[in-house]
Amino acid sequence: MVEDDGKQMLLEAAQPEVGMKKITDLRRLYLIANTIRKDVVRMLHEAKSGHPAGAIGLADVFTALYFNVLNHDPKNPAWPGRDRLVLSNGHVCPVMYAAMAEAGYFPKEELMTLRKLGSRLQGHPHRGSLPGIENSSGPLGQGLSIAVGMAIVAKRERKSWRVYCVCSDGEQDEGQTWEAVLLAAKFKLGNLTVIMDRNNIQIDGFTEEVLPLEPLAEKYRAFNWHVIEVDGHNIKQIIDACNEAKRVIDRPTMIIAHTIPGKDVSFMEFVADWHGKPPGDKEATTALGDLEEERKFYGEGGE
Amino acid sequence: MSSKINKEMALIDPIYPPQVKKTSREGFGKALVELGMENPNVWAVTADVSASTMVNWFEEKFPERFVQVGVAEQNLAGVAAGIASCGKIVFISAYGVFSPGRNWDQVRVAVCYNDVPVKLHGSHCGVTVGPDGASHQALEDIAITRVLPNMTVVVPADAEEARKATIEVAKLKGAAYIRTCREKTPVFTTAATPFKIGKANVYRFGEDVAIFACGPVVYESILAAERLESEGISCAVIDCHTIKPIDVEAIKYWAEKTEFIVSVEEHQVNGGLGGAIAEVLSEFKGQCVLKRHGINDTFCESGTALELLKKYGLDADGIARFVRESYTTR
């Protein structure tokens, strides 16, 4: 259900002079997130390989980013003044590709080429293959370092663009993550906003069974980061958190987005198995049906 | 100077004794400052070894383009890749055992697969690291870098060549690795000595054996060759500074001329310069034999640089012995 708590003003971002106009209508944003979820299901079903749970879980975060938070221009992916988005947990790239296509970076038909020979949509994102991809990711724990490097340049050269990084909770296992966390605090990178997909799953099971991370917010605060916890499926909370991060200038911000892996797909929610297993025919049909039903909450009858 | 030394290479004359000894990492450090002065887009990043890898000169002059990441080589490579993606040329400087090594995945993906201009400076390579011992002596770094796509690998023979190599790799579009040493070794090339990436330098002519060497052992090889000349074994000495892309034409030429190549490196005999030559050589028709001289698939140990070079046969005497034995029993 879309909530209107009367605090709409925080969604009224200043429209940028250059680049894509920001959407502030929450209903529209939720419908876009739903479309992205359906696209992800279709893409993974077609590709017969990939990672559904994280991708579907992050649809709201990516909708918030591509349609409201980021200053960017889908028709000019190399615009020097753009905000940079580094996807660190690269395996969820179907959600990024779907968001990019929906935003106009490339035609939506191309989404069905995911993971196929010759496709620009590589199984894990490749910087050289698709304009708009800032970093080749895949090996976990690397993206934050990249984002920190960019943020250092931006800060020293007094650029107005910000750096965003999406990472996963599983990635916190990698030591490199903490190397980057330490360095971001050293340089007081207030222009760096990281969003963590806190979906509690990784390949071998629940994060708190494989390698317990809690207390996670406290860890980041101890590393001198600003921490905001949000419901990763509440687009307004996500946007508000990103706007709050802009006001924190002396430290980087970690937005811990609590998500349900496979959100809105009945048989996927909370099931760790769906981390890396693509939906088969029957499953895809059920998933798309579930997602179609969801659209009614936002006042839409059909696609 | 022996009449066999190639005068066109403008080496020091006489070739022995050497007047000046410097560490090749100094050559890198000096060049980095030159680059920094010419190009405002050159940055340097280090993992807690600014002073010992000679990045501190750059750090003093250009603090706004220098980043210290602490003992964190994986982050070192990633941060550099992020900086490079903003239109910068970034040199990362650490010990060769740790970078590449500890951060090989990051070099592979964040640097090479992203195809960004990050240049690795791996210092303290080879046995001449000395007393620190095996954990700090990089003997496998050439092998693990040359196998990466989009990577250029250069092993300078002295401080002057390291200076030139640093300046040249900065011009490359993509990634590169420069290997330097801790120990002061003879500076035997001069400013006039040519340097072109991918083009091996012939420092000494000979008809019986072609010694392909890289790093400070090039100088030791020249001395070995001078010694062997009087024993009736005529050795050419080739400074094969670029391991990747390797000078295939030079290998072909000397294979045909001598049919006996000896590779010499302060590196495992598997996978380094010797391995690279073997790969090329095996594709030629002809009779050329390759004998690989280096560290024989072992970790080394603590000792002084000179003691270790002697023990592992990589000083002039040791190289001469290896060439003599393998050539006379061919």
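Colleague: Where is B:Ala10 found?
Modeller: B:Ala10 is in the segment before strand 1 of chain B. Helices (H or I, at least four residues) and strands (E, at least two) are DSSP runs numbered from the N terminus.

Colleague: Remind me what I'm looking at?
Modeller: This is a predicted model, where local features need pLDDT of at least 70 and side-chain atom pairs 80 or more, while totals for chains, interfaces and linings use all residues. Residues count from 1 along each chain's sequence, chains are lettered from A and ligands numbered from 1 as written, and side-chain values use heavy atoms, without hydrogens or water.

Colleague: OK, back to B:Ala10. What is its phi?
Modeller: Near 55°, which is positive in a residue other than glycine. B:Ala10 is partly exposed at 22% relative accessible area; buried means under 20%, exposed over 50% and partly exposed in between (1.4 Å probe, protein chains only).

Colleague: And B:Met54, buried or exposed?
Modeller: B:Met54 is buried, with a relative accessible area of 14%. Its phi is positive too, about 65°, although B:Met54 is not a glycine. You'll find B:Met54 in the loop between strand 2 (42-46) and helix 2 (56-61) of chain B.

Colleague: Why flag these at all?
Modeller: Because most residues other than glycine have a negative phi, and most peptide bonds are trans.

Colleague: Then which peptide bond of chain B is cis?
Modeller: One runs from B:Tyr16 to B:Pro17, with omega near 0°. B:Pro17 is in the segment before strand 1 (21-23) of chain B. In chain A, a cis bond joins A:Glu214 and A:Pro215, omega about 0°, and A:Pro215 is in the loop between helix 7 (207-210) and helix 8 (216-222).

Colleague: Switching topic: how many residues of helix 4 of chain A are buried?
Modeller: 10 of the 11 residues in helix 4 (93-103) are, so the rest of the structure largely encloses that helix. Among them are A:Cys93, A:Tyr97, A:Met100 and A:Ala103.

Colleague: What covers those buried residues?
Modeller: The cover includes helix 1 (26-47), helix 2 (52-57), helix 3 (59-69) and strand 1 (84-87) of chain A. After helix 4 of chain A comes A:Gly104, with a positive phi near 105°.

Colleague: And the interface, how many residues does each chain bring to the contact?
Modeller: Chain A brings 23 residues and chain B brings 27, with contact meaning heavy atoms within 4.5 Å. The area buried between the chains is about 2,000 Å², with 54% from carbon and sulfur atoms. A:Arg127, A:Arg156 and A:Glu179 supply 25% of what chain A buries against chain B, more than any other three residues. That area is the accessible area (1.4 Å probe) lost on joining the two parts, summed over both.

Colleague: Last one, how many aromatic pairs over all chains?
Modeller: The search of the whole structure finds 14. Ring centres of Phe, Tyr and Trp (its six-membered ring) must lie within 6.5 Å; planes under 30 degrees apart are stacked, over 60 edge-to-face, the rest tilted. B:Phe188 and B:Tyr203 are edge-to-face, 5.7 Å centre to centre with 90° between the planes. That pair links distant parts of the chain, 15 residues apart, and both B:Phe188 and B:Tyr203 are buried.

Colleague: What about B:Tyr253 and B:Trp254?
Modeller: Edge-to-face, 5.1 Å and 85°. B:Tyr253 is partly exposed at 48%, whereas B:Trp254 is buried at 3%. Over in chain A, A:Trp178, A:Tyr220, A:Phe223 and A:Trp225 form one aromatic cluster.
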